[in-house]
Amino acid sequence: MTIKAILTDIEGTTTDINFVHKVLFPYAYDHLPGYLRGHEQDEIVQSVLADARAELDQPEADLETLIRAFLGWIEQDKKVTALKTLQGLIWVAGYEQQDFTGHLYDDAYEYLQKWQQQGLKLYVFSSGSVKAQKLLFGYSDFGDLTPLFGGYYDTTIGHKREATAYRAIAVDIGLPAAEILFLSDIKEELDAAREAGMATTMLARDQLPSQSDHTVVQTFQQITLTNI
């Protein structure tokens, strides 16, 4: 069946995983106290703080208590919605101030552009929020790449290691799953996408696995859209 759309992961696939873990996360951690103290009265920050108080079950928690809680959640790598929202706000400021740009592998940039020009529909599925995805591509090393993509998905549509998420994405895209190619560096995600009926290709940039029942490549140049 002809591939008509490409659904891509970000970390380890289009983007060096170190960008997220060595640039974005530390930036949010370092700037979080100052950001909250400076934006405490902003309406969206008030909502984030209310969510954090609910998460802590401490409705009267003051700002400094909340700052300590947020930093603790980062240290523990907790998946707390209030933290994800706050990190997104801090990253917006970082991108806008040009403190960093969103990393993209050269080959990913080249082929995403080429595929879009060839008429393929491009979509993103990442564990990072849709807001964070749009920031990374909107302020990328190559400028604003958001026009390349027809849609963005995060875990609000389903877990990345569960086939139901990929079935839901296929329905939303409006194509049979077999006409969608999913790219990722994670075997369990690829397994779930294949269970949902999608074609799959693993990006193994640093080291090829000893064996795999998915097509394996090291760069976007090696991806073929036939015989997958």
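Modeller: The model is predicted, so local features need pLDDT of at least 70 and side-chain atom pairs pLDDT 80 or more, while totals for chains, interfaces and linings use all residues. Residues are numbered from 1 along each chain, and side-chain values use heavy atoms, without hydrogens or water.

Biologist: Why are H7 and H8 called oblique to each other?

Modeller: Helix H7 (residues 163-173) and helix H8 (residues 187-195) pack at about 55°, with axes 7 Å apart. Angles under 35 degrees are roughly parallel, 65 to 115 roughly perpendicular, over 145 roughly antiparallel, and the rest oblique. H7 and H8 are therefore oblique.

Biologist: Which residues of H7 and H8 meet?

Modeller: Ala163, Tyr166 and Arg167 in H7 meet Glu189, Ala192, Ala193 and Glu195 in H8, where contact means heavy atoms within 4.5 Å. By class, this contact has 4 nonpolar, no polar and 3 charged residues.

Biologist: What makes a residue part of the lining of a pocket?

Modeller: A pocket is an open set of points on a 1 Å grid where a 1.4 Å probe fits, with protein on both sides within 12 Å along at least five of seven lines; lining residues have an atom within 4 Å of a point. The largest pocket has a volume of about 1000 Å³. Of its 35 lining residues, the closest to the centre include Lys84 and Ser127.

Biologist: Which helix gives the most to that lining?

Modeller: H4 does, with 7 residues.

Biologist: How many residues line the second largest pocket?

Modeller: The second largest pocket, of about 210 Å³, is lined by 13 residues, among them Gly12 and Tyr105.

Terms used:
Axes fitted to C-alpha atoms, helices over the stretch in contact; angles between N-to-C directions. Helix = DSSP H or I, 4+ residues; strand = E, 2+ residues; numbered from the N terminus. Nonpolar A, V, L, I, M, F, W, Y, C, P; charged D, E, K, R; others polar. Points joined across faces, edges and corners; volume = space filled by probe spheres on them.
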